[in-house]
Amino acid sequence: MLGKDKEKNKGVLEWLKHVEFDEENGEIAISGQRHALVFNGIFADLRERMRAIIGHSADVIIYEVGREHVKKVLNYYLQHYPPLKLLVKTGIGKEQLAKKAAELLTAYGFGKAEIEKLDLENESIITLKNSFVASFYKKRNLNQDRPVCSLVAGFIAGAAEVIGNGKYECKEIECIAKGDEVCRFVVTKVKD
């Protein structure tokens with residue numbers, strides 16, 4: 001929540017510079033791309049209806065959508081900013097791009113993302129405090145027996161694939177919706 005602490009809100013105020021409202025057409029744009037504000041309960045309801053109809057495959061679909069979307073976004077930036085592409089290709093910019101991807105998760109309101117460990121050849125660990133999805137389940141006391149942040153896991157896997165230039169898998173091993181303190185994701189490279 002926005003408070004009176006200007007230093008705490010510095011990032012939010014910077015982010016708001018990139019938001020445009022077109023009231024006449026009912027549009028919100030962030031950095032020139034159209035967005036819609038979505039209540040986390042709608043996302044949880046969508047996930048639950050999908051699971052009721054197709055079972056656990058719903059989480060696989062949500063994961064794959066997140067993975068493919070992030071790959072498109074990051075590849076767009078790599079194509080349009082040649083110095084960034086060169087840095088990633090040489091390995092120099094991989095850590096910076098990973099940090100930027102975590103910052104984007106945070107900036108877009110998915111929760112506070114932090115890289116606990118970055119090792120694209122073995123295992124990376126990312127935590128998400130106050131997950132957009134899991135916090136809804138926790139707030140409504142809808143305790144889950146399995147993690148619910150498949151979209152975020154997909155985002156993380158897709159980012160790892162672009163940054164690490166390979167195939168990666170991301171698994172949520174802790175989830176706020178299950179009663180854990182944070183959502184924790186483990187990213188591993190898929191061996192051929």
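Predicted model: local features only at pLDDT ≥ 70, side-chain atom pairs only at ≥ 80, totals over all residues.
Me: Are the planes of the rings of Phe110 and Phe132 stacked or edge-to-face?
Reply: The count of aromatic pairs in this model comes to six. In the pair of Phe110 and Phe132, the ring centres lie 5.9 Å apart and the planes stand at 70 degrees. Planes over 60 degrees apart count as edge-to-face. The pair of Phe110 and Phe132 is therefore edge-to-face.

Me: How many residues apart are Phe110 and Phe132?
Reply: Phe110 belongs to the loop between helix H5 (94-107) and strand E4 (112-117). Phe132 belongs to the loop between strand E5 (123-129) and helix H6 (134-139). The pair thus links distant parts of the chain, and its members are 22 residues apart.

Me: Is Phe110 buried or exposed?
Reply: The relative accessible area of Phe110 is 16%. A residue counts as buried under 20%. Phe110 is therefore buried.

Me: Which helix holds the ring that lies 45 residues from Phe110 and pairs with it?
Reply: The rings of Phe110 and Phe155 have their centres 5.3 Å apart and their planes at 90 degrees, so this pair is edge-to-face. Both Phe110 and Phe155 are buried. Phe110 lies in the loop between H5 and E4, while Phe155, 45 residues away, lies in helix H7 (residues 150-164).

Me: Which residues do ring pairs link into a cluster?
Reply: Phe110 pairs with Phe132, and Phe110 also pairs with Phe155. The cluster linked by ring pairs consists of Phe43, Phe110, Phe132 and Phe155.

Me: In which sense do strands E1 and E2 pair?
Reply: Strand E1 covers residues 19-22 and strand E2 covers residues 27-30, with four bridges between them. Among the partners, Val19 is bridged to Ile30 in E2. In the hairpin of E1 and E2, four residues stand between the strands, and Gly26 takes a positive phi near 65 degrees. The sense of the pairing is antiparallel.

Me: Which residue takes a positive phi in the hairpin of E2 and E3?
Reply: E2 pairs with strand E3 (residues 33-35) in the antiparallel sense over three bridges. Ile30 stands opposite Gln33 in E3. The hairpin has two residues between the strands, and the residue with a positive phi, near 50 degrees, is Ser31.

Me: Is Asn130 buried or exposed?
Reply: Most residues other than glycine have a negative phi. Asn130, in the loop between E5 and H6, has a positive phi near 60 degrees. Its relative accessibility is 58%, and the cut-off for exposure is over 50%. Asn130 therefore counts as exposed.

Me: What is the relative accessibility of Asn165?
Reply: Asn165 is found in the loop between H7 and strand E6 (168-174). Although Asn165 is not a glycine, its phi is positive, at about 55 degrees. Asn165 counts as exposed, because its relative accessibility is 68%.

Me: Which elements give two or more residues to the lining of the second largest pocket?
Reply: The space in the second largest pocket is about 320 Å³. Its lining has 13 residues, and Asp59, Tyr63, Arg146, Ser150 and Glu172 lie nearest its centre. The elements that give two or more residues to this lining are helix H3 (57-80), H7 and E6.

Key
Residues numbered from 1 in each chain as written. Heavy atoms only, no water. Phe/Tyr/Trp six-rings, centres within 6.5 Å; stacked < 30°, edge-to-face > 60°. Buried < 20%, exposed > 50% of the residue type's maximum accessible area, 1.4 Å probe, protein only. 1 Å grid on protein atoms, 1.4 Å probe; cavity = no way out; pocket = protein on both sides within 12 Å on 5 of 7 lines; lining within 4 Å. Points joined across faces, edges and corners; volume = space filled by probe spheres on them. Pairing = 2+ DSSP bridges.
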